[in-house]
Amino acid sequence: CYYRKKNIFIRNLNNIKQFFTDASTGSSNPSNQTYRPIVTLSFAIDHFIAKGLDPFYFHLNMFIIYIFQLVLMFFIIRKIIDMTSSHKWNIYITFFIVFLYGLHTVNAETINYISSRSDSYSTFFVLGGFFIYMYFPRIRKLHLYLIPVIIGILTKEQAVMFAPIFFFYLLIFEFDTDLSQILKKQSFEPLKKSFIKSLPSILVCGLLGLFVLKMQTSTYTPGGTSQFHYLITQPWVYLRYFLAFFFPVNLSADTDWVSFTNIFDERAIVGYVFILALIIIILKMSKEVRTRPVAFGLIWFILALLPTSSIIPLAEVTNDHRMFYPFVGLSLAIISYLRFLLLKFENKITGSTVFKSVIVIFCLLVLSAHAYGVRQRNKVWSSAETLWYDVTIKSPNNGRGLMNYGLTQMEKGNYDLALEYYNKALLITPYYP
């Protein structure tokens, strides 16, 4: 955010054309100059409304988009659940999924971090594409559902994953495919139909993705080093993200994780097993119509993470705001499975006041716990000092975190304490520029 504040281009709306033609307008730091013109434009609009860099207006913008995203999620998830089995409980299940996602402690990271609006806005636009496709079938032939997707890709490259997610949506729900039979002859026809129907999205996302890469500045660098080391680490990162859905603890604005150097690292092996288990679960859940939202949600989770958790070595091995987009699918998957279990015991639940009370209390406790977690993360993000102090606790081997906390102490005149943290940072990352 420091480099966003120093960016002179966002201070004048007359630079709109330049936002779309010159990636260097995105940041004052050359290594961070990514081509995300919608994000830069949104900063310029916020700056214009605020008549300066008042963070209130920047946060207000993000919060409004977040509310609209949750509304889209409600209609999309309701449609998906109703397609698999109509039931009077569906609306309550949908509300719980949306509230759980909306109040999830992990998402506080993205909504607090102004620069991460690239994650929240691109997710919003991807959902916008699905919403238009689902609720306006008469205009599908015009492919207007791709308009928000295009805007999403110009917000952040991860939106290109709309295409493969859309392909699996068609395959599972519209063409009623059991993924466990995908290699058998009878699956060829639905595969072909899904591919043909999703081809416009594949072409648009693929070509626009290449365009975005071409528009990046020559000075931009993802920050990572070894593709292989980064790749073998990511299955373990996937597991970390998955567990964070249930136990959002030790969240850090800047982690100190590093890539594995050995393919046989115990953590790497656990990660491989986890990915294999996810695939097996997806195949199993796709067999029965009622559990297909579980399969689709897990596919969403896997695919949405691919841009940051595959072969492109980024500076940070893991980052909490990267969970925002994948958690849309994971929320659907986990709660849809719980719905499946509840329906098995429907008669017992409806016939017992105790069972119903326990379920309601459990749901309220889960939402309350996340609301409390969000409140705690908001406190951490309330100032540079609290944020970077939290990083030094959660990520003690992060030289940048130690240095930045030292800066906050130097600003307060606590020079001895600042020097202590500078020296710690110097030992860990002596060549950090």
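Tutor: This is a predicted model. In it, Glu-157 has a relative accessible area of 23%, so Glu-157 is partly exposed.

Student: What does the side chain of Glu-157 meet in a salt bridge?

Tutor: The partner is Arg-36, at 2.9 Å from N to O. Glu-157 sits in the loop between helix H8 (146–153) and helix H9 (162–174), and Arg-36 in the loop between helix H2 (16–21) and helix H3 (37–50), so the pair ties together parts 121 residues apart in sequence.

Student: And Arg-36, buried or exposed?

Tutor: Buried, because its relative accessibility is 15% and the cut-off for buried is under 20%.

Student: Next one. Which residue forms a salt bridge with Asp-176?

Tutor: Arg-292 does, at 2.3 Å from N to O. Asp-176 is in the loop between H9 and helix H10 (188–215), while Arg-292 is in helix H13 (residues 292–305), and 116 residues separate them.

Student: Is Asp-176 buried or exposed?

Tutor: Asp-176 counts as exposed, at 52% relative accessibility. Arg-292 counts as buried, at 5%.

Student: Switching to Arg-377. Where are Arg-377 and Asp-390?

Tutor: Arg-377 is in helix H16 (residues 353–380) and Asp-390 is in helix H17 (residues 384–394), 13 residues apart. They form a salt bridge whose closest N and O atoms are 3.1 Å apart. Both residues are buried.

Student: Which residues are in the network with them?

Tutor: Glu-109 and Lys-394 join Arg-377 and Asp-390 in one network, through salt bridges that share partners.

Student: How many salt bridges does the count come to?

Tutor: The count is 18 salt bridges.

Key. Residues are numbered from 1 along each chain as its sequence is written. This is a predicted model: local features need pLDDT of at least 70, side-chain atom pairs count only at pLDDT 80 or more; totals for chains, interfaces and linings use all residues. Side-chain values use heavy atoms; hydrogens and water are left out. A salt bridge is a side-chain nitrogen of Lys or Arg within 4 Å of a carboxyl oxygen of Asp or Glu. Helices (H or I, at least four residues) and strands (E, at least two) are DSSP runs, numbered from the N terminus. Buried means under 20% relative accessible area, exposed over 50%, partly exposed in between (1.4 Å probe, protein chains only).
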